[in-house]
Amino acid sequence: MNIDNVDYTTKIPNNVNLAEDRQVLRALESWHPGYIDWWMDMGPEGFQDALVYLRTAVSVDPKGWAKFDYVKMPDYRWGILLAPREDNRKIPFGRHYGEPAWQEVPGEYRAMLRRLVVIQGDTEPASVEQQRHLGRTAPSLYDMRNVFQVNVEEGRHLWAMVYILQKYFGRDGREEAAELLQRRSGSADKPRMLGAFNEATPDWLSFHMFTFFTDRDGKMQLESLAQSGFDPLSRTCRFMLTEEAHHMFVGETGVGRTIQRTCEAMKAAGIEDPGAVEKIRALGVIDLPTIQKKLNLHYTLSLDLFGSEVSTNAANTFTAGLKGRFQEIKIEDDHRLENAVYPVLKLVDGEIKRIDEPALTAINMRLRDDYTADCQRGLDRWNKIIDRTGVTFKLELPHVGFHRQIGEFKNVKISPTGKLLDETAWNRGKNAWLPSADDGDYIASLMQRVVEPGQFASWIAPPRVGIDNKPGDFEYVKIAA
Ligand SMILES: [Fe+2]
Ligand SMILES: [Fe+2]
């Protein structure tokens, strides 16, 4: 196995030469106990003693960066792993375009950069907190292992951001690192920083939708931070993206398997109408209209994470060279955007219109458009699953103005197809577009834990292949007696 230059002799595995960076090592070591307390307190409830078949990052070599083994989650080796440094890397956008990438924090952008790191860092423990009850209702050991894998990696992503804070921001970085362990998802007095990370993840369909939609927002944010002129941030985000891909796999296949099971059960029972909700639910599966509603909810909560469509903040972080666009280096333009425009959907005199805005202030909008396109590709794959079973139904992304709490459409009601509505029409349609209390109760009634190796709950199909190519009846989690 290639372990590159990852050092496992210090308590914290790393490829950043911590052994010789005593001050940062000490800062991280003094942060570590608080992290473990947080993990025991807010990590997967009831499974801290279970042996989980997890992958651990042991290298940054794209061909062999992880190894699989049974690990108790509190013993997971959370390490600091940055993608290898590129020789002569240049700042790829903004005012400093073409200058050498920064290896230290540029003083004039210190506050702006710290805020970007803290916001990203805050989302990592938040999702662990949101998902902490899911082990109890896992539909199989395979799925249980997957949520735990996502959880330990979100924990590692927190370490990644804390390293940046402690290494490059001195005392206030250490304070921010401590704060990251204080806030709690959904807390009234110390909530997490972003809306979607304070919502509950009450059931497994929510979890799979979350990993599809919200982790995909994470991917887009990481992609744009991976372009950063601040090289250590770029390198850490590039390696995080390697792990992030699995989170989206868990989401996409989780929803896909749910869809597949529903369609197969409908076919077997001779039900042609996807809207025959009662009959379909009697089969112990989740009807497609309810899956559409969950999709509507999670997509729109995730759209809010991109912030306002038009934002001077976004323009400033771009111009400063701190946060770029999705695949910045592949885009063919001047990478400064001082004279460019970008079309933004806006509400003008009661109509939704596409208006050209300065491309700099429309940076968020552009990233969100790239996100929507990426989501749509996933939906196309889900729709293929439906097609293959012969059921007639199509999942669709709702209009970007639907159910928004941030940005251009936050004060208006818009239907999933993009029609402006008055309050009465909204209230009439709401339960058909977003999960109702009844839908939630029904889904909750299906959430029974299945722990026999190779067995799956009624509402979800088995995966086509196992993790690490393990056979179907592999015991992914050995639950402590
Ligand atoms: Fe993450
Ligand atoms: Fe993630």
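Guide: Two residues are in contact if their C-beta atoms, placed from the backbone, lie within 7 Å. By that criterion, V162 touches W31, G121, A177 and L180, leaving aside residues up to four places away in sequence. This is a predicted model, in which local features need pLDDT of at least 70 and side-chain atom pairs count only at pLDDT 80 or more, while totals for chains, interfaces and linings use all residues. Residues are numbered from 1 along each chain as its sequence is written, and chains are lettered from A and ligands numbered from 1 in the order in which they are written.

V162 belongs to the largest nonpolar core, a set of 112 residues in which I80, F148 and V162 touch the most other members. Helix α3 (residues 141-168) gives the most to this core, with 16 residues. Such a core consists of buried Ala, Val, Leu, Ile, Met, Phe, Trp, Tyr and Cys residues joined through C-beta atoms within 7 Å. A residue is buried if 20 or more other C-beta atoms lie within 10 Å of its own, C-beta atoms being placed from the backbone. Buried residues account for 45% of the 481 residues in the protein.

As for the setting, the protein has 12 helices and seven strands; helices (H or I, at least four residues) and strands (E, at least two) are DSSP runs, numbered from the N terminus. Among contacts between residues at least 6 apart in sequence, 70% join residues at least 24 apart. The C-alpha trace spans about 65 × 65 × 40 Å along its principal axes.

Methods. Buried ≥ 20, exposed ≤ 12 C-beta atoms within 10 Å, placed from the backbone.
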